[in-house]
Amino acid sequence: MTEYIVKEDALTAFFQAIANGRRLLAPQGQGENCRLEVATGPVSLDYGNTHLSPKATFFPQTEKILAYHKKADQPKYNQYQDLGDHAEPTVIFGIRPCDAKGLAISNKVFQNDRFTDPYWKGKYESALKIGLACLNPSPQCFCAAMGGSPFGEMGLDVLAYPKEKGLGLKPLTPAGEELVKAASLPSADLASEIKDLEKKAIEAQGPLDTYQIINERKIMELYKADHWSATAEPCLGCGVCTFFCPTCHCFDIQDETSEAGGVRMRNWDTCMSPLFTVHGSGHNPRPSKTERVRQRFMHKLKYIPIKQDGVRGCTGCGRCVVMCPANIDIRTVAATMAQASA
Amino acid sequence: MTLLGKVISVNNPYMPYPVRIASVVVDSPDKSLRTFKFEFLDPEDENRFAYLPGQFAELSVPGQGEIPIGIASSPTEKGYVLFTVNRVGQVSSFLHNMKEGDIMGVRGPLGHPYPVEALKGKNIVIIASGFAVTTLRATVVWLLHPDNRPNYGRITFVYGARSPGHLLFKDDWEAWQKRDDIDVYVAIYKMVPGWTGKVGFVPAVLQEICPPAENTAAIICGPPIAIKTTQPVLFEAGYKPDNIIMSLENRMKCGLGICGRCNVGPEYVCKDGPVFTLAQLNELPPEY
Amino acid sequence: MGALETITQKIQDKAKSLLESGQAEVVIGYRKGSTPLVAAPYFARTPSDCENLIWSSFAKLNLANYLPNRTGKVALVAKGCDARSAVGQVTENQIPRDNLYLIGVPCSGLVDPAKVAAKEGRPIQKATETDETITVSGVGFEVEIKKAEVLRRNCEVCSHRSPTMADELTGPEAPAAKPDDFADIKALLAKSPSERLDYFQDLIKDCLRCYACRNACPLCYCPVCFVDETRPQWLGKSTDPMDTMTFHLLRALHCAGRCTACGACETACPVNIKVREFNRVLDKAVQENWSYEPGLTWEQKPPLTVYQPNDPADFIK
Amino acid sequence: MSEFEPKVVAFFCNWCTYGAADLAGVSRLDYPPNFRVVRLPCTGRLNPKFIMEAFKRGADGVWVSGCHPGDCHYIAGNYYARRKFVLLHTLLETIGVDPNRLRFSWISSAEANKFQAMARDVVESVRACGPNLTFRKAPLALDLPEVA
């Protein structure tokens with residue numbers, strides 16, 4: 001496939017062309033307030049990353065999935081009925097490669113070897129994803145160390161990068177190619193430029209090479225290591241890390257009722273909460289924050305790689321690093337996991 | 001009206017099959033256990049709900065939520081499904097107050113069954129403690145079915161509970177005791193007048209009668225303490241970890257390997273289990 | 001040597017001697033954070049750990065949060081508000097007085113990273129500080145900012161910057177700040193009820209219900225929080241605005257008369273909600289009705305555990 | 001359209017106001033039927049979450065009533081409660097809940113007349129506020145196909 005260029009003065013037309021009547025989500029607002037939202041104002045091209053990961057677009061914090069009528073004279077009384085996947089044709093511009101990778105990782109959980117989550121699938125597959133590569137990684141960024149790249153392509157249909165106040169575009173899938181073609185843009189050979197920019201952006205992140213060691217160590221060796229209580233000691237157990245993580249996908253299912261009927265909804269949940277695992281009997285397999293913190297890091301750095309051909313469950317977006325009130329830094333934890341003895 | 005997108009009417013794993021409660025049987029003197037017999041409102045759903053012993057389902061009570069419960073009936077029993085429910089939390093307490101004829105949902109089957117296919121040609125010893133007997137009852141019924149019984153060697157069933165009143169499925173195991181193609185040992189933990197069977201905890205009973213390990217697999221289900229104390233007896237008799245099969249339970253919501261709370265290491269108890277061999281569990285964190 | 005370095009040195013020396021003499025099994029203090037503008041909780045257990053302890057105007061969590069349910073002797077590096085929280089925990093029987101040693105830090109106010117970010121705009125790679133200023137730098141820039149311009153809201157107004165009940169102070173008493181006069185709350189009260197409701201509903205509209213504010217709070221040590229109660233379940237688990245409002249109101253009520261305005265809740269909030277707004281309404285009421293300030297003596301009783309026969313309550317008919 | 005009839009959740013102490021309501025009843029002092037009473041052993045038992053729950057579920061008003069200060073069956077329960085009420089009242093009023101929706105009173109078991117007057121006053125104040133549309137949980141939208 002060839003690459004394409006969007007000149008600065010052609011940006012507005014470009015966004016119109018790719019939206020083509022569909023919902024266009026793009027970065028809105030600056031700095032900490034930047035969000036991926038329905039594009040009503042100018043599209044930001046220069047931002048670190050969006051405050052929240054884009055996962056809520058496909059997996060809202062609260063989502064009604066089923067409902068039922070409660071009164072005996074109503075149709076299908078007491079029988080759950082489906083409320084639809086709430087999917088609509090969407091083009092998303094400006095997902096950072098780390099977040100797109102995070103979505104792709106979650107996608108393998110929502111569409112696993114046995115079951116398909118239709119609510120996720122509908123939304124995920126009705127969205128075309130245009131990534132925006134990072135030229136200047138933020139201080140908390142470490143995607144390269146997690147096996148990704150500031151120009152990573154996983155989970156994207158098109159990769160864009162800022163180029164002379166416009167964009168360079170690299171289609172990655174047939175759907176992406178089609179999307180870009182519809183905008184009738186001048187083509188160009190940008191392969192070597194992309195390679196150079198990628199190299200520069202990776203170098204700006206600094207080295208981190210402890211992850212291979214984690215891959216080589218056995219589950220129980222990492223699990224039984226003696227550092228976990230010290231690692232977990234500062235943890236407040238708030239779960240901010242999980243709410244902001246682009247690959248955290250755990251949820252709770254709850255029914256809420258009114259006079260006429262009830263709704264089954266699913267809400268984000270967090271493994272940092274003691275309630276997450278507690279049995280009806282009161283027994284809790286992960287009773288203290290040591291087990292819960294261990295679970296989170298083991299899940300990201302060991303369990304997901306086992307299930308997903310070595311792809312790590314952390315994409316290096318750095319949100320948890322910045323958001324954790326107690327500054328529990330996954331980079332430090334990974335290094336400790338690689339070194340610690342059982 | 002909100003925008004719904006596609007309505008997922010087929011293959012929605014979150015959608016329970018509507019069922020009618022056909023009967024409710026109180027199973028224990030303290031009324032903490034009840035066995036529910038469900039009939040599918042749409043008879044076609046019974047075919048869609050194709051299961052094997054050891055699998056579980058989410059009992060879905062409108063407005064209350066869902067609980068994962070092992071299926072106590074065998075697929076060889078047509079026309080209904082059975083679940084024995086212990087009254088513990090919000091959903092199970094509500095369910096205990098539901099009556100014959102009430103409409104609710106059953107979602108499944110979920111999880112993997114006991115490896116009945118891989119066990120063909122082997123002897124099987126089935127060890128049940130307390131009300132965890134449910135999926136093992138299903139297994140025995142399935143194994144004793146004329147279609148299946150010739151495929152297996154010697155079958156031994158060991159079952160213990162607190163008192164005669166706490167022994168579930170009395171009609172079943174009394175009938176099995178009369179057969180010559182299964183050895184049945186039923187015990188209570190403490191002697192009561194009138195009891196003629198064995199007395200003692202399950203591991204002690206097992207120790208007495210444990211079949212030789214050669215070409216034999218053990219299936220254990222029970223509370224953690226029973227599982228823990230049974231293992232040494234099996235080791236002593238020469239059973240290897242990959243021939244000891246167990247069923248785990250953890251808190252669950254989706255049952256589909258997505259919502260994340262039942263993880264034991266990289267495995268989801270709901271999707272990858274609940275049946276594991278001891279050999280598998282030895283490589284996993286003991287978070288269950 | 002500036003005041004910051006002096007305090008750091010004194011904390012390290014004291015921590016070392018407490019650990020060596022067995023007067024404390026652990027010293028809870030701060031270390032340098034892994035990202036700019038952060039000082040992180042640190043648990044020093046050996047004398048050699050103590051060299052990681054620092055004092056900094058980025059030390060924004062309240063370490064008294066780590067005291068409840070702790071066994072053994074513990075020393076706490078505490079600024080004014082943290083020390084008062086620790087005193088409160090002693091009076092509420094969360095930790096025996098004999099198990100607690102307070103290394104008091106006279107505090108001149110902590111820096112609000114959000115204010116720094118708003119002032120600077122560009123991504124900050126590095127931050128250093130002196131007594132009066134911080135210097136932030138990133139790709140192609142380095143800027144010096146006066147701390148006084150970027151203090152946290154609760155540090156601009158502070159009634160007790162120096163710990164009142166410390167076992168030892170690591171420096172001279174800090175210059176007093178003006179106490180909170182609740183001017184903005186009073187101004188708010190001049191508005192109509194519906195405007196006020198709009199204000200508070202808007203305040204919490206981004207709330208994710210992650211409960212970081214609760215978990216960062218040294219007052220929140222209930223074994224089971226009301227948000228986690230299931231039978232009955234007081235709060236829905238969705239992001240319903242009224243459930244969210246209920247959480248914030250009840251959280252504030254639970255903290256009433258006990259809050260020392262440490263600001264840990266706002267520091268922990270990942271979406272920058274001014275959660276203390278609810279607490280301040282009640283702080284004001286506690287001061288006006290019962291002239292009470294928490295954590296000033298080992299003996300005082302929280303205002304909701306005592307009463308006066310003639311307590312004012314004109315609204316009760 | 002029918003006239004708005006307010007729903008008021010009333011939390012009464014068993015030893016006084018609850019008795020006053022009884023006495024008002026047997027004395028044939030009529031009062032409006034707009035409140036649903038929750039009987040408490042003492043106003044000290046009142047947890048703020050009860051009041052929030054009432055509003056959340058759509059109550060138009062809440063009325064809490066207990067023994068006069070000094071008359072608590074448990075010696076001091078209402079003294080402690082009074083301090084809680086001060087905070088609760090201040091907080092809800094400040095965040096914009098109409099103070100007329102929330103009533104606290106002291107009514108002894110002998111004060112049937114006060115009870116009657118208070119009951120009428122509570123219901124009329126809440127009626128004047130109109131239905132509670134802003135400080136409640138929005139009714140659950142089922143989003144189901146319409147009932148045929």
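## Ground rules

Two strands pair if DSSP finds at least two bridges between them. The helices (H or I, at least four residues) and strands (E, at least two) named here are DSSP runs, numbered from the N terminus. What you're looking at is a predicted model, where local features need pLDDT of at least 70 and side-chain atom pairs count only at pLDDT 80 or more, while totals for chains, interfaces and linings use all residues. Residues are numbered from 1 along each chain as its sequence is written, and chains are lettered from A and ligands numbered from 1 in the order in which they are written.

Let's start with a stretch of chain C. Here S5(C), residues 126-129, pairs with S6(C), residues 133-138, in the antiparallel sense over 4 bridges. Opposite Ala127(C) you'll find Val136(C) in S6(C). The link from S5(C) to S6(C) is a hairpin through 3 residues.

Then S6(C) pairs with S7(C), residues 141-146, again antiparallel, over 6 bridges. Pick out Thr135(C), and its bridge partner in S7(C) is Glu144(C). S6(C) and S7(C) also form a hairpin, with 2 residues between them, and Gly140(C) in that turn has a positive phi of about 75°. While you're tracing strands, remember that in a regular strand the side chains alternate between the two faces of the sheet.

## Strand S1 in chain B

Now hop over to chain B. S1(B), residues 17-26, is joined to S2(B), residues 33-40, by 7 bridges, and the two run antiparallel. Ser23(B) stands opposite Lys37(B) in S2(B). These two strands make a hairpin with 6 residues between them, and Lys31(B) in the turn has a positive phi of about 60°.

S1(B) has another partner too: S1(B) and S6(B) pair in the antiparallel sense over 4 bridges. In that pairing, Arg20(B) faces Ile103(B) in S6(B).

## Where chains A and B touch

How many residues does each chain bring to the contact? Chain B gives 43 residues and chain A gives 49, where two residues are in contact if their C-beta atoms, placed from the backbone, lie within 7 Å. On the chain B side, the elements giving two or more residues are strand S4 (65-70) and strand S6 (103-110). S6(B) gives the most, with 3 residues.

By class, that side of chain B has 21 nonpolar, 14 polar and 8 charged residues. (Ala, Val, Leu, Ile, Met, Phe, Trp, Tyr, Cys and Pro count as nonpolar, Asp, Glu, Lys and Arg as charged, and the others, Gly among them, as polar.)

## Helix H8 of chain C and its partners

Two packed helices are described by the angle between their axes and the distance between the axes. Axes are lines fitted to C-alpha atoms, for helices over the stretch in contact, and angles run from 0 to 180 degrees between N-to-C directions. H8(C), residues 241-255, packs against H3(D), residues 77-94, at an angle of about 145°, with the axes 11 Å apart. Leu249(C), Ala252(C) and Leu253(C) meet Leu87(D), Leu88(D) and Leu91(D) there.

His248(C), Leu249(C), Ala252(C), Leu253(C) and Cys255(C) in H8(C) meet Phe278(C), Asn279(C) and Leu282(C) in H10(C). This contact divides into 6 nonpolar, 2 polar and no charged residues.
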